[in-house]
Amino acid sequence: MKAIRFDRFGGPEELKLVEMPDPEPGPGDVLIEVHAVSVVPGDWKLRKGLLTGMFPVRPPKVPGRDGAGIVRAVGADVSGFAPGDRVCFTCQHVDQGSYARLAARPADDVVPMPEGFGFIEAAAVMHAGVCAWIAVVETAGVRAGDRVLVHAAAGAIGGMAVQLCKHLGAEVTGTCSARNRDHVAALGCDRIVPYDEVAFESEVSGLDVVIDLVGGGVHNRSYGVLRPGGMLVWLIAEPFEDRSAGLDIEVRQAMILDNREILSAVVGLAEAGHLRPLVSRVLPLDRAAEAHRILEAGENTRGRLVLDTQRLAS
Ligand SMILES: NC(=O)c1ccc[n+]([C@@H]2O[C@H](COP(=O)([O-])OP(=O)(O)OC[C@H]3O[C@@H](n4cnc5c(N)ncnc54)[C@H](OP(=O)(O)O)[C@@H]3O)[C@@H](O)[C@H]2O)c1
């Protein structure tokens, strides 16, 4: 099969289109013909060797944290899937990933695609939706009436988090660059703070929850906008200093541990129209290096850049 692989840590040029043996599904696995895969920030950070402390990955490595495609075969112990089913799935960073024409995934990491979705849209909601679900529902426990600030609301996960918070009945403020104001408004944000024009601290205060997808100085400044007893939920982005000691603020990491229930919840919400897929751009499989350059330069915005794995530019 064709796949994108890096054989050593380094720049985007390390991503090469290679021919690899087709994966063999084990008894509990589903073999998927992959049609679309999200390119996520963790993919380039991993390729650069920045995440080895967290994920003990050694090249050669096929990146890719999720995907959508068609079931080609199922292992002997798998029930509920059959060849021809349209599915989406997640991979872990420590596994061989999904920048490939085929992927063998444990059945627990596979769910039916949202009804009415194409492969590109299905891939775009998978990892982003799962991260948003874990941050907003599992970690923060956002409820109707909560006042929530979502940082990086124009990003892939932020866009899903805004939609999820609105679905749960929260009042949502989102930060984004001024050029993305209309995009974030269309996601349902009640209030938008353009971070390149205004400091969010001057616009909001007394909040119940902050979802921080930026880290660094944004994390440090977020304590001040929470009410006593409020919660600051973070995903690993820029490093920051936990300053919660002595403050009546709970700081929690959203631990991104996928499971079938979460994948199914995300698919259900997408199918019901509560999570609109956000696709910034689509590139063919062999332009994965360009995709990484775009993300690494901070030039991707308004959703997921998705690779069309069945298409090649050359
Ligand atoms: N295991 C984990 O902990 C885990 C899992 C998934 C993701 N993450 C991390 O979570 C972060 C977000 O992921 P993603 O996939 O949503 O990224 P993304 O789609 O690349 O979004 C990044 C967004 O950040 C926004 N941004 C940059 N600086 C900002 C600031 N000062 N204030 C507000 N927004 C700002 C940008 O908004 P504009 O475009 O408007 O400038 C951009 O849209 C990444 O750093 C990723 O590595 C961690």
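The sulfur of Cys 91 lies 12 Å from the closest cysteine sulfur, that of Cys 88, which is too far for a bond. The model is a predicted one, in which local features need pLDDT of at least 70 and side-chain atom pairs count only at pLDDT 80 or more, while totals for chains, interfaces and linings use all residues. Residues are numbered from 1 along each chain as its sequence is written, and side-chain values use heavy atoms, with hydrogens and water left out.

A disulfide is a covalent bond between the sulfur atoms of two cysteines; here the term is applied to a pair of cysteine sulfur atoms within 2.5 Å. By this rule the count is 0 disulfides. For Cys 176, the closest cysteine sulfur belongs to Cys 189, at 7.6 Å, again too far for a bond. Cys 91 is buried, its relative accessible area being 0%, and Cys 176 is also buried, at 1% relative accessibility. Buried denotes under 20% relative accessible area, exposed over 50%, and partly exposed the range in between, computed with a 1.4 Å probe on protein chains only.

Strand β14 (residues 279–284) and strand β15 (residues 304–308) run parallel and are joined by 5 bridges. Strands are DSSP runs of E with at least two residues, helices are runs of H or I with at least four, and both are numbered from the N terminus; two strands pair if DSSP finds at least two bridges between them. Within this pair, Leu 283 stands opposite Leu 307 of β15. Together with helix α7 (residues 288–296), β14 and β15 form a right-handed β-α-β unit.

The loop between α7 and β15 contains Arg 302. The phi angle of Arg 302 is near 65°, a positive value in a residue other than glycine, and Arg 302 is partly exposed at 36% relative accessibility. A positive phi, near 60°, also occurs at Ala 152, likewise a residue other than glycine. Ala 152 is located in the loop between β8 (147–150) and α3 (156–167) and is partly exposed, with 24% relative accessibility.

A further backbone feature is the cis peptide bond from Pro 59 to Pro 60, with omega near 5°. Pro 60 belongs to the loop between α1 (41–47) and β4 (66–74).

How values were computed:
A crossover is right-handed if, with the strands pointing away from the viewer, the path from the first strand over the helix to the second runs clockwise.
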